[in-house]
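Me: Hi! Could you walk me through this model? I have a few quick things to ask.

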Amino acid sequence: MSLLEVTGLQVSFNTADGVVRAVRGVSFAVDRGRTLGIVGESGSGKSVTAQTLMRLTPDATIRGTALFEGADLLTADGRAMRAIRGAEIAMIFQDPLSSLHPLYKVGWQIEEMIRAHEPAAGRAQARKRAIEMLGLVGIPQPASRVDDYPHQFSGGMRQRAMIAMALALNPKLIIADEPTTALDATVQAQILDLMRRLQGEFDTALIMITHDLGVIADMADEVLVMYGGKPAERAGRRTLYYRHHHPYTKGLLESVPSAAGEGGRLKPIPGQPPSLINLPTGCVFHPRCPYVMDRCRTDEPPLDPVAGDDPAHLSACWLPRTAAGRGEEAERIRAAAVAEGRFGAQGAAGAEGAAGDGRDGGPPGRAGGASGDGGGR
Amino acid sequence: MLRFVIRRLLYAIVVLWLVSTLVFVFLNVSPVPVERVIGGPRATTDTLRQIRQNLGLDQPVLLQYWDFIKRLLQGNLGESYINGTPVTSLIADRLPTTMWLVFGAGVIWFVGGVATGVLSATRVRSVWDRSSTLFVLIGLSTPPFVMALVLLFLFATKLSEAGVHFFEAGPPLQEHFFRRMILPWIALAFLMVATYTRLTRGAMLDVLGEDYIRTARAKGVSERRVVYRHGLRSALTPVVTQFGIDLGALIGSTIVTEKVFGLQGVGQLVYQSIALGDTPVIIGVTLMVTMFVVVANLIVDVGYSFLDPRVRLS
C-alpha cells in the first residue's frame, strides 16, 4: 500500500457565477521517497487538488477518498487533520514572501509549528531546532538570521526558510505547490537541488506541482498531466517525455524552449484553458486540440492504458493507443486516425476552414463517419 | 527614530503657529462685540470704550497680533475677557472631564468595534454578520446628538420614573463617576463602534485571504490561533492607526455630548466662549485641540514602526 492513495477525487465550489468544478475525478498514489509531478496550466485543478488533500479549501464540496497511511484525509475531523498538517504532511507554497507572515520573525514562525505539534518542546528547544533547520537548508549564520523578519531575506532565502519549516518535523509527505515559480532561474535550480538532496536524506515522499516541464524532468519519478480538472495523461517521467500519448502533453512539450531545438520555433497551444463553470462537451481539450475528431466533441475519453512497455502509462484520448511519442510513425498513425475520425463531420470541418472539402464529400461522409467512430479506438 | 520625532515636533510648532494665526485672523474679521457682553445693554459709549481699552482692543490689529505671539512664546495663553481667569487654568479645570469622556468612549468603541468586526469577519454571511451590518448602518446614520437625546430619554427620564437611577447629572469627577459617564460614553462611542466594526471586518477579511494565513493553517496550528495570532495581529495595524487619529481629533468635538449631558468639559467651555466672544479662550482651546491631534499623529507614526517591522522611520 502506498503512503498516499487518492481515488476519484472531485472538488467543486459554489460561487455566485455557478458551480466551479475544479477537480473532476483524479486518482494517484505516492510512495515514500518518490516524487509525483503534477503538471498543468492555471485552472487545471492541480493546486486545488493539493490544497484539498490538506483540507485548505473550506468552502469546497469534496468527493472521493485520499488514504494517507490508511486513514482518509477527506473525512478526518479537525483535530486529526491539525495533527497531520505540518507534522505528517507539509506544504511549500508558490510565493515565499506572501506565504510568510510579514510581522513575525522567520525563526518564530518555524518555532510556532514545532511547538504546535510538540507542546512538550520548550521555547529554547524549538528555537534550537529552528536554527538547525535554517542551517540545513543553507542559510548562512542561521543563529542570527533566525531573528530576521521575512522582508530581510532574499527571495531564495525565503523559499529556503519555507523548506526548513516544511522539514522541521520530518514529515512523511511534502506537497510543493509551484515552489520555484516566483524565483529567479539560477535560484530555482538551487532550490530544486536542495529539495532533491533533502528528500533523499529524509526519504520523504514529494508531490511537486508545477506548470514547468523542466522542473518535472529534474525532479519527478512519475508525472500526472492535468487539464480542465481531469488527468489527461499519467506516466513515468521517461515515458512521458518520449512516448507521450495525449495531444495536450505533446503541446506542453513543444512549447518548452529546449524541445524546439536550435533555430526551431516554439509551438504554443492555441486557445485558452476551459472555463470550469461551463465545460466543453466531450473531451475538455477538444476546442484546442489539433487532432480533434468527431467523437471528441461528444464523448469524454476514459483514462485508458497506452500501448508500450510502461503498464502504468494512461491517457484520456480517443487517438489510437499506439499513437505515442514524437516519431514520424506516431504522427502517421495520428494523421490517419484524424482523417478517418473527421470523415463524417464535413460540416464541422468546414468551421475549421475546409469548407470546399465539405461540399464535395457531403453525402458519403455521413456513412463513413459512423465507421470512423468505431475505428477511432 | 529620534531625528524623526524631533523633525515632527518642529512641524508641530509650525502647525500650531498657523492654526493660532488663522483663528486670530478669523476672530478679527468678524469680531463679537465683547465690550457689549461685558458692559451689558445699558453701558454708555464711554464705558464701552473703556472696556476695549482695558482689554487692549483699541490697539492696531498688528500690534495685538504681536503681543499675542509674544505671550504665546512664553506659554501664556492670556486671560479670559469675561472674568479675567488665565486661559490655561480654565482649560486645566475642564480638560479632565473631556479626557475621561473621550478615553472612556474610546475604550468602548475600540473593544466593541474590533470584537464585532472580528466576529462578523470570521462568520461571513451568518446571522451574526448580517445583524452587525444592520447595526453598522444604524450607527452610521444616527447623529450623536440624536443618540444622546434618545439615551437620555430612555435611561435617565423613563428609568428614573420607574425608580431606577441609571444616570446622575452633575460634575462627574467627584462622585458617581460611572453613573455620570456611562450614557455620554455610549452616545459618543455609538457611531464610532459602527465605523470600527466596518473597518475591522474589512481588514480582517483582507488578511484572512492572505497566503500567510493559509501557511499558518497548513502548519497545523489551531484555528483560534490562526484567526487571532496571525489574522488579527495584521488586521489591527490599520485599525490602531485610525484609533490614534480619531482619539486626538475627538477631544475637540465633544461639544454636543457635553451639552446634552451637562458635563462641564472643554466642549462646553468653547461653546460658551464663542457665544460670549471670549477670544483668548477660543484660541487657547483651539491650540490645545491642535496639540492633541498633532501628538496623536506622532504617536501613531512612531507606534506604527513597532507594529510593523517593515516600517522604518527616517
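Me: Which cysteine sulfur is closest to that of Cys289(A), and how far away is it?

Reply: The closest one belongs to Cys317(A), and at 6.1 Å the two sulfurs are too far apart for a bond. A disulfide here is a pair of cysteine sulfur atoms within 2.5 Å. Do keep in mind that this is a predicted model, where local features need pLDDT of at least 70, side-chain atom pairs count only at pLDDT 80 or more, and totals for chains, interfaces and linings use all residues; side-chain values use heavy atoms, without hydrogens and water. Residues are numbered from 1 along each chain as its sequence is written, and chains are lettered from A in the order in which they are written.

Me: OK, how many disulfides are there over all chains?

Reply: A search of the whole structure gives zero. Cys296(A) is in none either: its nearest cysteine sulfur, in Cys283(A), is 6.0 Å away.

Me: Is Cys296(A) buried or exposed?

Reply: Cys296(A) is buried, because its relative accessible area is 7%. Buried means under 20%, exposed means over 50%, and partly exposed lies in between (1.4 Å probe, protein chains only). Cys289(A) counts as buried too, at 14%.

Me: Switching to chain B, what are its elements?

Reply: Chain B has 13 helices and zero strands. Helices are DSSP runs of H or I with at least four residues, strands are runs of E with at least two, and both are numbered from the N terminus. The C-alpha trace of chain B spans about 85 × 60 × 30 Å along its principal axes, and 42% of its 314 residues are buried.

Me: Where is the nonpolar patch on the surface?

Reply: It is formed by Phe145(B), Val146(B), Leu149(B), Val150(B), Phe153(B), Leu154(B) and Val256(B), with about 580 Å² of accessible area together. Areas come from the Shrake-Rupley method with a 1.4 Å probe, and for residues only the protein chains shown count as cover. Patch residues have over 30% relative accessible area and no salt bridge (a Lys or Arg side-chain nitrogen within 4 Å of an Asp or Glu carboxyl oxygen). Nonpolar side chains (Val, Leu, Ile, Met, Phe, Trp, Tyr) are joined within 5 Å, like charges within 9 Å.

Me: Which helix gives the largest share?

Reply: That is helix H7 of chain B (residues 144-161), with six residues. Phe145(B) sits in this helix and counts as partly exposed, because its relative accessibility is 42%.
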